[in-house]
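Biologist: I have the sequence and the coordinates open side by side. Could we go through the details together, starting with the packing inside?

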Amino acid sequence: MARDIEARLDDREYVRPPVEFVGQANCTDRSVHDRFEEEWPDAYETYADLLDWDRRWETVLDDSDPPFYEWFVGGRLNASRNCVDRHLDDRGDQAALVWEGEDGSRRTVTYRDLYRRVNATAAALRDLGVDRDDVVTVHLPMVPALPVTMLACARIGAVHSVVFAGFSASALADRLDDADSDVLVTVDGYYRRGEFLDHKAKVDAAVAEAGTDVRDVVVFERHGSAVHEPGAAPADANADADAKERVDPDDLTERDVLAADLLAERERREVDPVSRDAEDPLFLMYTSGTTGQPKGCQHRTGGYLAYAAATTKYVLDVTPADTYWCAADIGWITGHSYIVYGPLALGTTSVMYEGAPDHPHRGRVWEIAERHDVDVFHTSPTAVRQFMKWGEQHLAEYDFDVRHLTTVGEPIQPEAWRWYHEHVGGGDAVVVDTWWQTETGGHLITNLPALDDMKPGSAGRPCPGIGAAVYDDDGDPVPERSDRAGNLVIERPWPGMLQTVYGDDERFVEEYWRRFSDLDSDDPADWVYETGDGAVHESDGYFRVLGRLDDVMNVAGHRLGTMELESAVCEADGVAEAAVVARQDDQKGEAPDAYVTLRDGVDPSESVRKGVVAAVESAIGPFARPANVYFVDELPKTRSGKIMRRLLADVSNGAELGNTTTLHDPSVPERIREQVGD
Ligand code: WT7
């Protein structure tokens, strides 16, 4: 009998954290989960205590008006002061950011440098007329100017809205409009796989397309070797200094202003950090949902920063002495919380890499890890699968020793987990699989690495105080630890949660609360947050996340809404109707397949197909490009005319067709299968 149990445990493959790791971990307190249950929500004060407050809060949580929860009510603080100023005395000369350009240029930004740059940039923005609560849109790739601009906004109480550099002009225009943002910060261009991308041309197109009148466009210069900023340390000697060119003045419009000029005049200016209410917004981050229009997730200052700092400390196990590399893009929430706000709030050294992981060679990531002696490394399962495909020989030449590895963004297959653990972690690092969302601000389900054994494929336990649960489609809780799949929900608020959807409280309620809450109730116990994911609560108390249940797909860690993709495809010439579904993809996790019917008189052709791809690239960006475009005679629809995407997904994934009885014409999916030849 005992042997049976052992065998089963073996099956489940628990991996113990190494003793050396446990010995130094930031959280080794086995009672932490119980304490958060007993003292909820006041236990979150320990998170807020990681920050410096101008005024201490009076109430940890005001839940009198769910789902509009307020955290650390009455408290005042500034995020820029917490991420910069407060470290000057103890570690002014320590690197805050270590930056590697794709072209070989390198820069180290100490906390003192960061202080100067954030102040100069804050002064520049303020002199441009940016006021408290104004939304500044930031369309910058992975250059130091990006975190500097975010912190400069935070310093003057402005709200930043960073739009990932890979988004198209139209996507940027939508976000400018939604936020009614009249100041845009950008760069002339940047490098990707050796190619210099003309970012400014795209920005000009976005500004022309936007309905909002963009008053000022601040342009940093990246052309040549490094981001051109006065007072910047010289670029690495490898960089060709002669290549540094200024933007051609003929390319500037009357609303453009060069960052270098603005900053040169303000090199030593200091700007007092504006004391913000804990509930004042810190930033917006747009994300895709089930409708066409992206949602501006609005994050608060106090709760968000406390939650980002605490999860960085206790989940990522980062200390100020560490060099920590989160190889994500700051244009997504992962980079906001775990490249910028969390690590800098704790005073650690955060690595930023501009380019592609395989440029100019497939050992690039490990070369950087070796050069900077990276202790903690964070990436996505998509990247791990890519590294695995390239092979461990690319790691062999480089010598680095990480004690902690993180993954985020999608479930990680046990095979990829094991490869990551063995080849990147040297077999003796902990691997932490973190489940969370743009909306949640920080990790919600993941093991505290010194407390719980790792289990490949399971995100693990809810973080302290987090009320994760699984509900069935009728809205009833599935019994705990029952190993049954259902809807992953969160039953209690947490400090890092979004405040609302920017400018649209109704949509906030609609998208996240309606389905599992009693909207007429004032009792917070009746309010349950819908994540949109499916999950299993396993018998050991770990959660295995299965992926999105709604019309949202996850392509290489990028979240894409089906509706957004479909409306883009419908913009293409000749397209009558379109349905987009997720195809399982070995590398990307999921990839979009587009099923298209054409207008009368239009025949399927390569040029129509190219038009469809171009339409997606132009509406969203190249990263959303469909894997396949299938021309079909008819889409499977119910009698009431609803497209049954589920059946198309069965076709894309070579699965047996699900129930077709509700279809207007039940033979359609089979015909499509024949047509697409799968
Ligand atoms: C969706 C959120 C939060 C940072 C990156 C993505 C999926 C995220 C995991 C994980 C399984 C995961 C979920 C979630 N997801 N982390 N560890 N295991 N799935 O942020 O773009 O807001 O996407 O990513 O489906 O809902 P996002």
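Biologist: What is Ser337 in contact with, leaving aside its neighbours within four places in sequence?
Modeller: This is a predicted model, and in it Ser337 is in contact with Tyr304, Ala308, Thr312, Gly342, Pro343, Trp436 and Gly441, once neighbours within four places in sequence are left aside. Ser337 is found in helix H13, which covers residues 333-346.

Biologist: Is Ser337 buried or exposed?
Modeller: Ser337 is buried, with a relative accessible area of 0%.

Biologist: And Asp317, where does that one sit?
Modeller: Asp317 has its place in the loop between helix H12 (302-314) and strand S16 (323-326). Asp317 is buried, at a relative accessible area of 1%. Not counting residues up to four places away in sequence, Asp317 touches Phe21, Gln24, Ala25, Asn26, Thr312, Asp322, Arg403 and His404.

Biologist: Let's move to H22. Which of its residues are buried?
Modeller: In helix H22, residues 668-676, the buried ones are Val668, Pro669, Ile672, Arg673 and Val676. Seen down the axis of H22, these buried residues fall within an arc of 140 degrees, so they line one face of the helix.

Biologist: Why do residues three or four places apart point the same way?
Modeller: An α-helix has 3.6 residues a turn, so residues three or four places apart point the same way.

Biologist: What do the buried residues of H22 pack against?
Modeller: They pack against strand S29 (589-598), strand S30 (628-631) and helix H21 (645-652). Just after H22 comes Gly677, which takes a positive phi of about 70 degrees.

Biologist: On peptide bonds, then, what joins Trp40 and Pro41?
Modeller: Trp40 and Pro41 are joined by a cis peptide bond, with omega about 0 degrees, and Pro41 lies in the loop between H3 and helix H4 (45-48). A cis peptide bond also joins His359 and Pro360, again with omega about 0 degrees, and Pro360 has its place in the loop between strand S17 (349-353) and helix H14 (364-371).

Biologist: Changing topic: how many cavities of 30 Å³ or more are there?
Modeller: The count comes to five. The largest cavity has a volume of about 80 Å³, and its lining divides into six nonpolar, two polar and three charged residues. Strand S20 (residues 430-434) gives the largest share of that lining, three residues. Among the lining residues are Trp417, Asp433, Lys455 and Met454.

Biologist: And what lines the second largest cavity?
Modeller: The second largest cavity, with about 50 Å³ of space, is lined by Thr121, Ala124, Leu125, Val185, Val218, Phe220, Ala259, Leu262 and Leu263. By class these are eight nonpolar, one polar and no charged. Helix H7 (111-127), strand S11 (216-220) and helix H11 (259-264) each supply at least two residues of this lining.

Biologist: What about the second largest pocket, what is its volume?
Modeller: The second largest pocket has a volume of about 510 Å³. It is lined by 26 residues, and the closest to its centre are Pro462, Ile466, Ala468, Glu480 and His537. Two or more lining residues come from each of helix H3 (32-38) and strand S21 (468-471), and S21 gives the largest share, four residues. The lining has twelve nonpolar, six polar and eight charged residues.

Biologist: Last topic: how many disulfides does the count give?
Modeller: The count comes to zero disulfides. For Cys297, the closest cysteine sulfur is in Cys153, 18 Å away, which is too far for a bond. Cys297 is buried, with a relative accessible area of 0%, whereas Cys570 counts as partly exposed at 30% relative accessibility.

Key. Residues are numbered from 1 along each chain as its sequence is written. This is a predicted model: local features need pLDDT of at least 70, side-chain atom pairs count only at pLDDT 80 or more; totals for chains, interfaces and linings use all residues. Side-chain values use heavy atoms; hydrogens and water are left out. Buried means under 20% relative accessible area, exposed over 50%, partly exposed in between (1.4 Å probe, protein chains only). The arc is that of the directions from the helix axis to the C-beta atoms. Contact means heavy atoms within 4.5 Å. On a 1 Å grid over the protein atoms alone, a cavity is a set of points where a 1.4 Å probe fits but cannot get out, and a pocket is an open set with protein on both sides within 12 Å along at least five of seven lines; lining residues have an atom within 4 Å of a point. Grid points are joined across faces, edges and corners, and a volume is the space filled by probe spheres set on the points. Ala, Val, Leu, Ile, Met, Phe, Trp, Tyr, Cys and Pro count as nonpolar, Asp, Glu, Lys and Arg as charged, and the others, Gly among them, as polar. A disulfide is a pair of cysteine sulfur atoms within 2.5 Å.
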